[in-house]
Amino acid sequence: MSAKLLEGRPLAEKIKEGVKKDIEALKKEGFPLLLSAVQVGENPSSRVYLKQQKKASQELGIDYQIKELPSQITQEELVNFIESLNQDKKITGIILQMPLPSHLNARQIQVKLSPLKDVESIHPLNMGRIIYGDNKISPPTAGAVVELLKSTGQDLKGKETVIVGHSEIVGKPLSLLLLQSQFSSPTITVCHIATQDLTFHTRRAEILIVAVGKPQLIKADSLKEGAIVIDVGINRVPVLDEEGRPVLDEKGRPKFQIVGDVEFEKAKEICSYITPVPGGVGPLTTALLLRNTVECAKFQKTSLT
Ligand code: NAD
């Protein structure tokens, strides 16, 4: 069997088209969008994300600003800063870039975000709505997995679904999103670092979602024939030659590549659908962040009228 590739880009483009129309309509009604990303201290990988978000936002007509704060900022100062963004009527969405320096309590700061501007859907109110199935937004990566599953057109009802990883931005909200239908949800198992026999679970998974951050964690022989596999992991690993030696670039530095958590090349011979990494979940995550940004602007507009 050779799996169908579940590429995120075509779906992302479709979502962005809808988002763009909504943005234009909101602008016409005198409601331009401004996304404000808060970066505390220096973090090179955050910088890459911020750059990507800025480009994607601006392409769709969302203004994007980065607020850089010193790493030694106190909890109280950061809370005050977030509250000033909440109050600022021009700002329609806020991103609090993670991780924060270790002296800050991230959860206590997330709670201070206005739930109406919480484009990453991390505020407890927005998370809580997912339990009741009345959410208009969801954490973008978890939402991206749902969109990819829907795009297969397969009936998910009752299907043995295993999620590996129970983080607050992926595994946990994803399990709740998939359980929203009263009568046609899949059957969910969530595995994590303390799971005793991971392979036992992955081998019986008709749908497998892996969000861990460990390259090659899921070997092809731990998959069920015909499974749908969504690989959320992003790992930067050295490129190796056939003898296992690092491949060097023209300046003699080791070359790196991005891979997921699943042994992709062999896995694609076993499963029915699989996401590539990069190019699967990633592009959709950004599109859903922008869709959340529009939804948040609509919340604010409604709360004003
Ligand atoms: P996290 O570190 O918060 O959580 C990792 C999860 O993996 C935890 O639940 C942990 O218990 C589990 N885990 C760790 N080792 C395990 C093992 N050996 N067996 C089973 N479970 C194990 O990570 P996260 O923020 O959820 O991100 C997970 C991965 O997804 C990372 O590679 C991250 O870069 C990637 N990610 C991708 C996107 C995207 O847009 N594609 C977005 C967010 C995160």
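**View 1. Pairing of strands S9 and S10 in the predicted model.** S9 (residues 235–238) and S10 (residues 256–259) run antiparallel and are joined by four bridges. Strands pair if DSSP finds at least two bridges between them; strands (E, at least two residues) and helices (H or I, at least four) are DSSP runs, numbered from the N terminus. The model is predicted: local features need pLDDT of at least 70, side-chain atom pairs count only at pLDDT 80 or more, and totals for chains, interfaces and linings use all residues. Residues are numbered from 1 along each chain as its sequence is written, and side-chain values use heavy atoms, with hydrogens and water left out.

**View 2. The open six-stranded sheet.** The strand order is S1-S11-S8-S7-S5-S6, with parallel pairing. Strand S1 (4–5) and strand S6 (187–191) stand at the edges with a single partner strand each, so one side of each is left without a neighbour in the sheet. S1 and strand S11 (residues 273–274) run parallel and are joined by two bridges. The bridge partner of Leu-5 in S11 is Ile-274.

View 3. A polar side-chain atom of Ser-167 lies 2.5 Å from a ligand oxygen atom. For Ile-193, a backbone N or O atom is 3.0 Å from an oxygen atom of the ligand. A backbone N or O atom of Ile-234 also lies 3.0 Å from an oxygen atom of the ligand. On its own the ligand has 860 Å² of accessible area, of which the protein covers 74% (Shrake-Rupley method, 1.4 Å probe; for residues, only the protein chains shown count as cover).

**View 4. The shell around the ligand.** Of the 21 residues around the ligand, His-166, Ser-167, Ile-193, Lys-214 and Thr-285 come nearest; a residue is near if one of its heavy atoms lies within 4 Å. Helix H10 (residues 281–304) gives the most to this shell, with three residues.

Notes. Polar contact = N/O pair within 3.5 Å; in protein donor to acceptor, adjacent residues only side chain to side chain.
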